Amino acid sequence: MKYQSAIALVGTFCLITIVRPAFGDTAQLALEQQAEAVASRLEGVMDTSAQALVNAKAPNVRMTTCRVRLPATEAERQPNSIFLYQEQALTKNLASPYRQRFLQISPSAYSQSVRSLSFKPATLTDWINFCGKPGGDRTIQLRDLGTAVCSVFLKPSGDAYVGNTPADGCPANIRGAVRIKNHIVLQTIGMDTWDRGFDAAGKQVWGATAESYQFRRRE
């Protein structure tokens with residue numbers, strides 16, 4: 001089994017329309033606070049090195065995530081959204097990430113959850129090690145987001161945020177999979193993901209089986 005493309009923070013996508021709530025809507029304000037908490041937990045560097053030490057079949061992968069900025073005029077059009085850049089690479093080959101995404105984190109009043117929308121940039125090489133730049137230099141345009149890929153909807157559960165892709169998963173065309181499903185547990189110490197690909201007959205063809213992919217925070 002190849003793990004490189006199997007590990008991902010995924011979610012289904014259509015672009016969302018975000019409506020600013022009326023003043024005093026405490027439920028929406030709470031969702032905005034949850035979106036900030038989700039983004040903060042995703043930020044930084046995590047890896048699966050601890051899992052790889054005890055499981056020879058588990059890959060040692062590093063996930064790096066940072067906030068990015070929009071120009072003021074574009075940020076005004078997305079008032080409740082937080083944008084992140086995220087890349088994943090084998091720890092032994094950090095200069096060649098196998099997965100690169102932009103994430104749009106925003107409150108979803110309809111589902112009463114936090115929605116993480118992932119986008120695949122058009123020219124991946126342009127963004128390698130983007131998080132290595134100073135925060136003030138990490139500015140993007142909305143057009144840089146690329147193609148909407150998938151979404152995950154997260155809700156608080158105890159000290160964690162737990163999320164899933166939609167019930168039927170996300171459309172895909174990756175190593176025999178036509179749908180991707182994921183279950184995520186996002187904690188302060190890291191994130192566990194059950195990322196799985198399914199073929200047209202509904203059979204799992206890659207991804208987590210006996211245990212989740214266990215990312216733990218380094219920074």
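**Cores, strand pairing and aromatic contacts in a predicted model**

The protein chain exposes about 10,800 Å², and carbon and sulfur atoms supply 52% of this area. Accessible areas come from the Shrake-Rupley method with a 1.4 Å probe, and for residues only the protein chains shown count as cover. The model is predicted: local features need pLDDT of at least 70, side-chain atom pairs count only at pLDDT 80 or more, and totals for chains, interfaces and linings use all residues. Residues are numbered from 1 along each chain as its sequence is written, and side-chain values use heavy atoms, with hydrogens and water left out.

The protein chain has three helices and 12 strands. Helices (H or I, at least four residues) and strands (E, at least two) are DSSP runs, numbered from the N terminus. Of the 219 residues in the chain, 47% are buried. Buried means under 20% relative accessible area, exposed means over 50%, and partly exposed lies in between (1.4 Å probe, protein chains only). Among contacts in the chain with a separation of 6 or more, 58% join residues 24 or more positions apart. A contact means heavy atoms within 4.5 Å.

The largest nonpolar core has 22 residues. Such a core is a set of buried Ala, Val, Leu, Ile, Met, Phe, Trp, Tyr and Cys residues joined through side-chain atoms within 4.5 Å. Val 38, Leu 42, Ile 105, Leu 186 and Met 191 have the most contacts inside the largest core. At least two core residues come from each of helix 1 (26–42), strand 2 (61–68), strand 3 (82–90), strand 4 (99–108), strand 6 (147–157), strand 9 (177–186) and strand 12 (213–217). Helix 1 gives the largest share, four residues.

Strand 1 (residues 44–47) is covered on both faces. Gly 44 and Met 46 are buried on one side, Val 45 and Asp 47 on the other. Strands pair if DSSP finds at least two bridges between them. Strand 1 runs antiparallel to strand 2, joined by four bridges. Two bridges pair strand 1 with strand 12, also in the antiparallel sense. Asp 47 takes part in both pairings: its bridge partner is Arg 62 in strand 2 and Arg 216 in strand 12.

Four aromatic pairs occur in the structure. Trp 127 and Phe 130 form an edge-to-face pair, because their ring centres are 5.0 Å apart and their planes stand at 90°. Rings of Phe, Tyr and Trp (its six-membered ring) pair if their centres lie within 6.5 Å; planes under 30 degrees apart count as stacked, over 60 as edge-to-face and the rest as tilted. Both Trp 127 and Phe 130 are buried.

The charged end of Lys 181 sits over the ring of Phe 198, 5.3 Å from its centre. This requires NZ of Lys or CZ of Arg within 6 Å of the ring centre and within 35 degrees of the ring normal. Ile 180 belongs to strand 9. Ile 180 counts as buried because its relative accessibility is 8%. Its C-alpha is 9.1 Å from that of Asp 199, 19 residues apart in sequence.

Most residues other than glycine have a negative phi. Gln 112, not a glycine, has a positive phi of about 50°. Gln 112 lies in the loop between strand 4 and strand 5 (113–120). Gln 112 is partly exposed, at 41% relative accessible area. Asn 129 likewise has a positive phi, of about 60°, and lies in the loop between strand 5 and strand 6.
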